[in-house]
Amino acid sequence: MIRTALTELLGIRVPVVQGGMQWVGKPPLPAAVSNAGGLGVITALTQPNPEALRTVIRETRVATDKPFGVNITILPSINPPDYEGFARVAVEEGVKIFETAGNSPGKLIQFFKSHGCIVIHKCTTIRHAKSAERLGVDVLSIDGFECAGHPGEEDIGGLVLLARAAQELKIPYIASGGIADGRGLAACLALGAAGVNMGTRFMCTVESPIHHNIKEKIVASTEYDTTHIFRTLNNTSRVFKNVVSQQVVAIERRPGGAKFEDVRDLVSGARGKIVFENGDPDYGIWTAGLVLGLIKDIPTCEELLSRMEREAEEIIDGMAKLVKAKAKL
């Protein structure tokens, strides 16, 4: 077994966290990840309201007796969700582990800590990580430029970010972005991380609640099949490169630039949700990371985590053999 600060803190066997993903973090996936030894995470904002979240927390608890968490991400929105309501309901239902991300999370973190909860906060810069550390979070999730979704505006890859985290942070951190297998897990542990966070890789599992066509599209894709949108709006997001995302990029590149209103209909969250329901990868915007290039199959979560654990152990053992004892004089 690989024991780290993360496995000890969360009470899990494998130091792997399933990231909160819109429309994907529904009970079947988090339950399967937790049952396989990792930490499954329900995505709160996938639900229409706090009471719906209460229902899925209870469904997940029926499906697993292992630890699982809830993700709440605070992002700019025309009609902000009831963040406080989602947080309150999750705590009322006995959830003790939360993944937070986004803008100004201080109040949310304070609420969770006041109820004795463990908070994993996702950051894309060391500056923000140190700020979250001061707010009292327990674990930092360091999100490199390779990640799906929002990589920030600094474009710093995971290799440098994780090494910088080892220099600067006083609490455990995990690596997020670009990880799909035991080799990635072992590399992140070598860089000082206590574990990893995976999103796109978990999308492409048997228990992932998205259309099988999208899973097959992920397997068929490479690291060249993502693109960035909203770069000119300073809200960069890495998404799958399809007809719609390329239209958005073209609009952003027009002379004079673009406003959000110019692309609003193209990037509608409702269209992205339907992609996962109807299996048409070109119907709307959906997030995917550079890790597309490493995903070659659609395993169960149990198969994936068992394989990752075995691969990481073999690689770590192999690395140890590279160190030769000095001959005694």
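**Strands first, then helices**

Tutor: Let's start with S1 and strand S8 (residues 196-198): they run parallel and are joined by three bridges. Strands count as paired if DSSP finds at least two bridges between them. Strands here (E, at least two residues) and helices (H or I, at least four) are DSSP runs, numbered from the N terminus.

Student: Before we go on, where do the numbers come from?

Tutor: This is a predicted model, where local features need pLDDT of at least 70 and side-chain atom pairs count only at pLDDT 80 or more, while totals for chains, interfaces and linings use all residues. Residues are numbered from 1 along each chain as its sequence is written, and side-chain values use heavy atoms, with hydrogens and water left out.

Student: OK. Which residue stands opposite Met 198 in S8?

Tutor: That's Gln 18.

Student: And what order do the strands of the sheet come in?

Tutor: S1-S8-S7-S6-S5-S4-S3-S2, eight strands in an open sheet with parallel pairing. At the edges sit strand S1 (16-18) and strand S2 (40-43), each pairing on one side only. From one strand to the next, the twist averages 30 degrees.

Student: Which strands does helix H2 touch?

Tutor: H2 (residues 28-35) packs on the sheet and touches S1, S2 and strand S3 (68-74). Its direction makes about 165 degrees with that of S2. Contact means heavy atoms within 4.5 Å. Angles run from 0 to 180 degrees between N-to-C directions, with axes as lines fitted to C-alpha atoms, for helices over the stretch in contact.

Student: Switching to helices: at what angle do H3 and H4 cross?

Tutor: Roughly 30 degrees, for H3 (residues 50-63) and H4 (residues 83-92), with axes that come within 8 Å. They are therefore roughly parallel to each other; that label covers angles under 35 degrees, with over 145 roughly antiparallel, 65 to 115 roughly perpendicular and the rest oblique.

Student: Which residues meet there?

Tutor: On the H3 side, Pro 50, Glu 51, Leu 53, Arg 54 and Ile 57; on the H4 side, Gly 85, Phe 86, Val 89, Ala 90 and Glu 92. The residues of that contact divide into six nonpolar, one polar and three charged. Ala, Val, Leu, Ile, Met, Phe, Trp, Tyr, Cys and Pro count as nonpolar, Asp, Glu, Lys and Arg as charged, and the others, Gly among them, as polar.

Student: And how do H4 and H5 cross?

Tutor: At roughly 15 degrees, with the axes of H4 and H5 (residues 106-114) coming within 11 Å. H4 and H5 are therefore roughly parallel too.
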